[in-house]
Amino acid sequence: MHTEQILALILPFEKGLLPMPERAFLMRAEPSEVLTEDWRPLLVCEQSFKPAFTALTKAGYQAVERLSCAFPVGLLLLTKHKVENRANVARAWSLLEPGGVLVCCGANALGAASFEREVVRTIGIEGQLSKHSSRIFWLRRPEGESALPEGLADWLASGEPRPVDDTALVARAGCFSADHVDTGSRILAECFPAGIAGRVADLGAGWGYLGVRLLERFPEITGLDLYEAEAMALADSRTNMATAPAPERATYHWHDVTAGLPAVDPYDWIVSNPPFHEGSKADPAIGKAFITAAWKAIRRRGKFLLVANRHLPYEGELRKRFRSVELLHQAEGFKVYLSTNRHDK
Ligand SMILES: C[S@@+](CC[C@H](N)C(=O)[O-])C[C@H]1O[C@@H](n2cnc3c(N)ncnc32)[C@H](O)[C@@H]1O
């Protein structure tokens, strides 16, 4: 997936510009053929997105949801989110042993060159390369320097959960729609039908917007299971749910919904604003897998509420799984479906 960036990330070691480490962390890790037997055993891979975490574990990597101890070398794959990259550089610096080195790499197409210039201005770098349509640069934590340099302290703080526009809720950079409520989710919440009650699940719950609205409006909900693959978003959903009435009704699952839900009692209601991207490309198969997971986990007469961009081909999939599929609302480029009476499993 990130083959070019991973090839680029290890280039300073392959070229002999940096010595091969005995231990290193890899932040925002993905399994890759490019990481040879030399690399695999010495890496501790950080990945907070459950499908990638599972893929790393299956491929034999040591994977953790969040890094904690100090390392002589760190490797960081940059993403398209500048604020997340800043926070990751600052956190990676704080995970280095004194004298340790951090190598960062990002695709040119994702703005890595401009981010490199920002790092140069803020903390300075030791070396850089340009190869595989990527920028590679590295910086060193000085011997004996224990406190995070001022510029990096600001960067670290910018990665903390922040207020979401026009709400009393928070979310951190890198999570889906972290600074404002997603239009699809707002529309879905606006047309929640009366009578949502009993056991409810939210598939792809993000930082908990729909969950909060459900608990605020429906005291008859007895339990709300939030399923979300991104651990950072799930952590923010816990904070946000605490603002809702009787938040003890919520349970949090760091889970890949495309793999199906765990064996649980069937749900009375399921809501979802499913993801439609895998990396940078739109992939309706993910939404279809969410529909299948909902169909399998819902009780026979349970109700499934789904919001999606109106161009996405979900109606056929819903009709395959449910006898009754009603277009409840259509606005601002989104469609909300209410599906009931599931077909037999
Ligand atoms: C369109 S967003 C909706 C988020 C949230 N419901 C809201 O209202 O803002 C889809 C969410 O699904 C999560 N997600 C992506 N792939 C997933 C997967 N395989 N399993 C579970 N959640 C996933 C994303 O991290 C994201 O938070």
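Predicted model: local features only at pLDDT ≥ 70, side-chain atom pairs only at ≥ 80, totals over all residues.
## Helix H3 and what sits on it

H3 itself spans residues 50–58, and its buried residues are Lys50, Phe53 and Leu56. Looking down the helix axis, these buried residues fall within an arc of 120°, so they line one face of H3.

## Helix H5, both sides

Now for H5, residues 112–122, where Ala112, Glu116 and Val119 are buried. Their arc around the axis is only 60°, which puts them on the same side of H5.

What do the buried residues of H5 pack against? The partners are helix H4 (82–94) plus strands E5 (96–107), E6 (127–131) and E7 (134–140). Just after H5 comes Gly124, with a positive phi of about 90°.

## The chain overall

Zooming out, the chain has 11 helices and 18 strands. Its radius of gyration is 22 Å, close to the 20 Å from the globule rule for 345 residues, so the chain is as compact as a globular protein of that length. Along the principal axes, the C-alpha atoms fill a box of roughly 65 × 40 × 35 Å.

Of the 345 residues, 46% are buried. Among contacts with a separation of 6 or more, 67% are between residues 24 or more positions apart.

Methods. Residues numbered from 1 in each chain as written. Buried ≥ 20, exposed ≤ 12 C-beta atoms within 10 Å, placed from the backbone. Helix = DSSP H or I, 4+ residues; strand = E, 2+ residues; numbered from the N terminus. Arc of directions from axis to C-beta. Contact = placed C-beta atoms within 7 Å. Rg over C-alpha atoms; globule rule 2.2 N^0.38 Å.
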